[in-house]
Amino acid sequence: MAFVMKCGGSTLAALPDAFFEDLRDLQESGAQPVIVHGGGPAINETLGRLGIESRFEGGLRVTDEPTLEVVEMVLAGRINKQIVRRLQQSGAKALGLSGTDGRLIEARPVTNADVVGLVGDVTGVNAGLIQGIVALGYLPVIAPIGIDAAGQRYNINADTAAGAVASHLGVATMIVVTDVPGIMRTVDGEKQVLPQVTFAQIEEMIASGEIYGGMIPKVRAAMACLTGDVREVLIVDGAAPQVLSRAVNEGNLGTRIVRS
């Protein structure tokens, strides 16, 4: 059974060895994990060191050519290979790719490209390439850089890329690994994880202030993964014991986000 997991680069870097060993065990048991990762904080840090300003519009990084060079270097180079190394240290078989390899992620400019620059929307995913890598016994680790027919590269939001990859693979549930146990609600003075929420409930909780601060972009990012064939997104805490095995085999942890 294939499943797509999305994780931020900084979250993955902080995860314990047990998380990667759990992924290895899943792979050995016949599950077919596919990872799509981000790397925003590492990109910001590298841009800062190079004296390039980070700017965002509507949650998207404003991307000119010099910024795109850094985005590709950090995502497809540093972060991607760091994840592959950790997986291999755990005994898993992993292969790192960027969306430009084999035209894995085909893209076109977003509608507000005049504002955000070289940011792309996904127009196609080479699902056969991913399935071929999995058939060889490797876990694909995908950096969200897209490419068009003319060879132009695009910075793709990792959540958008992950949702597109899951949809093109026909995966119904996507797992978003974060550093929180799920979406929390205060009940009788105690914080509890909500087992399931709809888009409407999330908007209500944001409006009421129950979802606030850094949790808002995490939740909105998870909602962005619900595209095409993806029917639900499961938010889980990567530091929880055997979190992926439990998510895949039991499903009774974290928060499920459904459209309605």
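The model is predicted. Helix H4 covers residues 65-89 and bends at Asn 80. A nonpolar surface patch includes Tyr 138, and positive phi values occur at Gly 91, Asp 188 and Gln 242.

**Helix H4**
- H4 has 25 residues, which at 1.5 Å a residue should span 36 Å.
- At Asn 80 the helix H4 bends by about 30°.

**Nonpolar surface patch**
- Three residues, Leu 95, Leu 136 and Tyr 138, make up a nonpolar patch on the surface.
- Together they have about 280 Å² of accessible area.
- Tyr 138 sits in the loop that runs between helix H6 (127-135) and strand E8 (139-143).
- With a relative accessible area of 32%, Tyr 138 counts as partly exposed, because that class lies between 20% and 50%.

**Positive phi in residues other than glycine**
- Most residues other than glycine have a negative phi.
- Asp 188, which is not a glycine, has a positive phi near 55°.
- Asp 188 belongs to the loop between strand E12 (184-187) and strand E13 (190-193), and is exposed at a relative accessible area of 79%.
- Gln 242 also has a positive phi, about 45°.
- The loop holding Gln 242 lies between strand E15 (232-237) and helix H10 (243-249).
- Gln 242 is exposed, its relative accessible area being 52%.

Notes: Residues are numbered from 1 along each chain as its sequence is written. This is a predicted model: local features need pLDDT of at least 70, side-chain atom pairs count only at pLDDT 80 or more; totals for chains, interfaces and linings use all residues. Side-chain values use heavy atoms; hydrogens and water are left out. Patches are made of residues with over 30% relative accessible area and no salt bridge: like charges are joined within 9 Å, nonpolar side chains (Val, Leu, Ile, Met, Phe, Trp, Tyr) within 5 Å. Accessible areas come from the Shrake-Rupley method with a 1.4 Å probe; for residues, only the protein chains shown count as cover. A salt bridge is a side-chain nitrogen of Lys or Arg within 4 Å of a carboxyl oxygen of Asp or Glu. Helices (H or I, at least four residues) and strands (E, at least two) are DSSP runs, numbered from the N terminus. Buried means under 20% relative accessible area, exposed over 50%, partly exposed in between (1.4 Å probe, protein chains only). The expected span of a helix is 1.5 Å times one less than its number of residues. The bend at a residue is the angle between axes fitted to the seven residues ending there and the seven starting there.
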